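Here's a quick briefing to read alongside the structure. Have a look at the chain before going through the points.

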Amino acid sequence: MGRAVSLCLVSETLKRSPGSMASSGSRTRIGAAELRLAEVVAALSLGIDLGFGQPMEHVLRQCLIALRLAERVGLDEEERATVYYTALLINVGCHTDAHEQAKWFGDDIALKSAKYDRPLRGLRTAAAGLRTLGSGHPLVQRFRIGIEFAVSGHRDLAKMIDHHAELARSLAEELSLSEAVLEAVGSAYEQWDGKGWPGKLRGEAVPVASRISQLAEFIEVAHRVGGVDEAKTLAKKRRGGQFDPRLADVIMSQGETILADLDQAQTWDAVIEAEPSLAVILSGDRIDAALEAVANFIDLKSPYFLGHTRAVADLASAAAAELGLTAEDISLIRRAGLVQGFGRLGVSNSIWDKRGPLGPGEWERVRMHPYLTERMLQQSSALSALGAIAVQLRERLDGSGYPRAVGGGTISRPARVLAAADAYQAMREPRPHRSARTPEQAAAELRAEVTAGRLDDEAVRGVLAAAGHRVPRRREGPAGLTAREVEVLRLAARGLTNKDIASILFITPKTVGNHIEHIYAKIGASSRAMASLFAMKHGLLPEEEPALR
């Protein structure tokens with residue numbers, strides 16, 4: 001699978017029998033009252049694979065390689081636990097500025113897929129990046145994008161990788177991982193020779209878990225593409241530069257043993273069972289907190305989806321309560337709502353953020369994202385039940401939905417509620433090709449879907465009852481933000497330029513710039529993605545909430 005979605009996935013989707021889905025009268029339950037954190041992170045890693053144009057389980061395989069390296073160099077159990085989570089999370093922040101990547105380079109997934117083709121720094125890498133400026137646009141527009149990039153855009157690029165590490169560290173902190181993991185993930189792009197990102201560390205000062213995980217990442221790709229010999233060649237070529245010489249020597253001398261049986265292993269099971277030390281077990285509210293943290297993080301992929309996932313989960317669970325469902329089913333629906341966006345990682349922002357109509361090929365990639373969600377969750381017994389609901393997010397009762405075009409009794413009751421909540425919430429939010437619908441417009445469109453036989457009447461009634469009368473959020477903001485600063489933050493998080501914000505708020509671009517400078521200082525952010533994450537965590541996005549009843 002060289003890019004985000006391969007044709008074989010489409011084929012597999014069409015072959016799957018819809019009879020495997022829960023019927024509308026059945027009750028799908030989460031597989032266990034407890035969930036291992038490793039399962040959540042491993043499921044997320046499958047989406048990171050797709051976001052880099054790699055086959056699923058690339059990150060899982062690099063985790064196994066990293067653990068084998070850690071054992072060879074004599075790390076103890078606690079140190080291997082740090083390596084374990086660092087290897088799984090090392091690239092988790094790389095989708096957080098996919099909006100900017102797509103803006104400058106076209107397909108953000110294609111851009112990231114070239115990471116393993118050449119050294120991370122150097123003229124060849126810079127030239128390759130410049131050749132993709134404005135990809136997907138007509139020649140005249142590509143020229144304009146090139147000029148804009150030369151004037152200001154290069155500053156976005158300069159700090160992207162630094163921000164990736166910062167945001168990956170932020171997620172690790174949200175998941176309550178150890179300080180050692182936070183430090184290692186935050187240093188994931190530092191290099192042995194000091195020429196990494198942000199370039200503050202070198203040699204032994206780079207955490208050993210960072211050094212091992214980075215080497216394992218590149219060795220996994222080299223081995224998959226060219227076998228053990230290719231892996232050894234890469235280790236030798238970058239020894240003492242990007243890679244720790246001692247670790248590179250281990251690959252060169254013991255590569256056959258370290259890389260043995262990777263193709264035969266049941267990768268998911270092997271990684272979950274390989275977690276060193278005591279497994280991190282989640283239950284009750286901790287499951288919801290972990291899923292919510294990951295959901296917010298995934299929403300950072302596009303400014304048009306900021307806060308969408310949590311809003312859908314909250315609305316769907318409130319609708320389930322309106323319909324008199326059990327507490328267990330309400331919890332199940334909310335959790336399914338929190339995971340339904342996982343598959344968006346496998347679709348380029350050149351599609352999600354496109355202002356014009358989508359072409360047939362682009363639509364096919366969009367139609368695959370619920371299936372990708374299911375694929376990411378299906379190997380976990382605790383998460384697979386959520387995936388079985390989430391995959392039906394865009395299915396419709398008349399069979400006109402996707403990815404499998406099933407209908408009628410094949411769509412489960414939880415999925416019907418989730419589909420109605422997602423449709424309503426999506427209409428209430430802006431998209432690149434349209435502005436947000438009013439509550440009245442969204443309700444009218446939802447009822448029209450019922451009349452047309454696409455959405456379930458009971459589910460829609462529950463969603464509209466739960467939505468109630470919607471009012472603006474409170475005017476005061478967290479971290480000392482003024483009402484105006486909250487307005488600016490919301491618009492900036494959506495990816496609008498200073499000029500666009502100025503036009504909307506009837507102020508000057510210079511004033512917008514001053515506001516953003518003050519906002520970033522108050523909330524401790526240094527990029528749009530970090531500011532967006534702050535806004536979602538503090539309930540500033542989406543911009544409206546149900547009225548108290």
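Which residues of α15 are buried? They are His 308, Thr 309, Arg 310, Ala 311, Val 312, Ala 313, Leu 315, Ala 316, Ser 317, Ala 319 and Ala 320. Keep in mind that this is a predicted model.

- With 11 of its 15 residues buried, α15 is largely enclosed by the rest of the structure.
- The cover over those buried residues includes α14, α16 (327–339), α21 (413–427), α23 (457–467) and α27 (528–537).
- From first C-alpha to last, α15 reaches 21 Å, close to the 21 Å expected at 1.5 Å a residue.
- Just after α15 comes Gly 324, with a positive phi of about 80°.

**Aromatic rings**

- Searching the whole structure turns up 4 aromatic pairs.
- In one of them, Phe 305 and Trp 352 have ring centres 5.5 Å apart and planes at 80°; planes over 60 degrees apart count as edge-to-face, so that is what this pair is.
- Phe 305 sits in the loop between α14 (285–299) and α15 (308–322), while Trp 352 belongs to helix α17 (residues 349–352), so the pair ties together parts that are 47 residues apart in sequence.
- Both Phe 305 and Trp 352 are buried.
- Elsewhere, Tyr 116, Phe 218 and Phe 243 form one aromatic cluster.

- Some background first: most residues other than glycine have a negative phi, and most peptide bonds are trans.
- Glu 57 isn't a glycine, yet has a positive phi of about 85°. You'll find Glu 57 in the loop between α2 (37–51) and α3 (58–72).
- Is Glu 57 buried or exposed? Buried means under 20% relative accessible area, and Glu 57 comes in at 19%, so it counts as buried.
- Ser 176 is another non-glycine residue with a positive phi, near 60°. Its place is in the loop between α9 (160–174) and α10 (179–186), and at 58% relative accessibility Ser 176 counts as exposed.
- The peptide bond from Tyr 402 to Pro 403 is cis, with omega near 15°; Pro 403 is in the loop between α20 (384–390) and α21.
- Leu 541 to Pro 542 is also a cis peptide bond, with omega near -10°. Pro 542 lies in the loop between α27 and β4 (544–546).

**Cysteines and a buried histidine**

- The disulfide count is 0.
- Cys 63 is buried, at a relative accessible area of 0%, and Cys 94 counts as buried at 4%.
- His 95 sits in the loop between α4 (77–89) and α5 (98–105) and counts as buried at 6% relative accessibility.
- Leaving aside residues up to four places away in sequence, His 95 touches Ile 48, Phe 297, Ile 298, Leu 300, Lys 301 and Leu 345.

**The chain as a whole**

- Of the 549 residues in the protein chain, 56% are buried.
- Among contacts with a separation of 6 or more, 73% come from residues 24 or more positions apart.
- The accessible surface of the protein chain is about 22300 Å², and 53% of that belongs to carbon and sulfur atoms.

Technical notes
Residues numbered from 1 in each chain as written. Predicted model: local features only at pLDDT ≥ 70, side-chain atom pairs only at ≥ 80, totals over all residues. Heavy atoms only, no water. Phe/Tyr/Trp six-rings, centres within 6.5 Å; stacked < 30°, edge-to-face > 60°. Helix = DSSP H or I, 4+ residues; strand = E, 2+ residues; numbered from the N terminus. Buried < 20%, exposed > 50% of the residue type's maximum accessible area, 1.4 Å probe, protein only. Contact = heavy atoms within 4.5 Å. Areas by Shrake-Rupley, 256 points an atom, 1.4 Å probe, with all protein chains shown as cover. Disulfide = S-S within 2.5 Å. Expected span 1.5 Å × (residues − 1).
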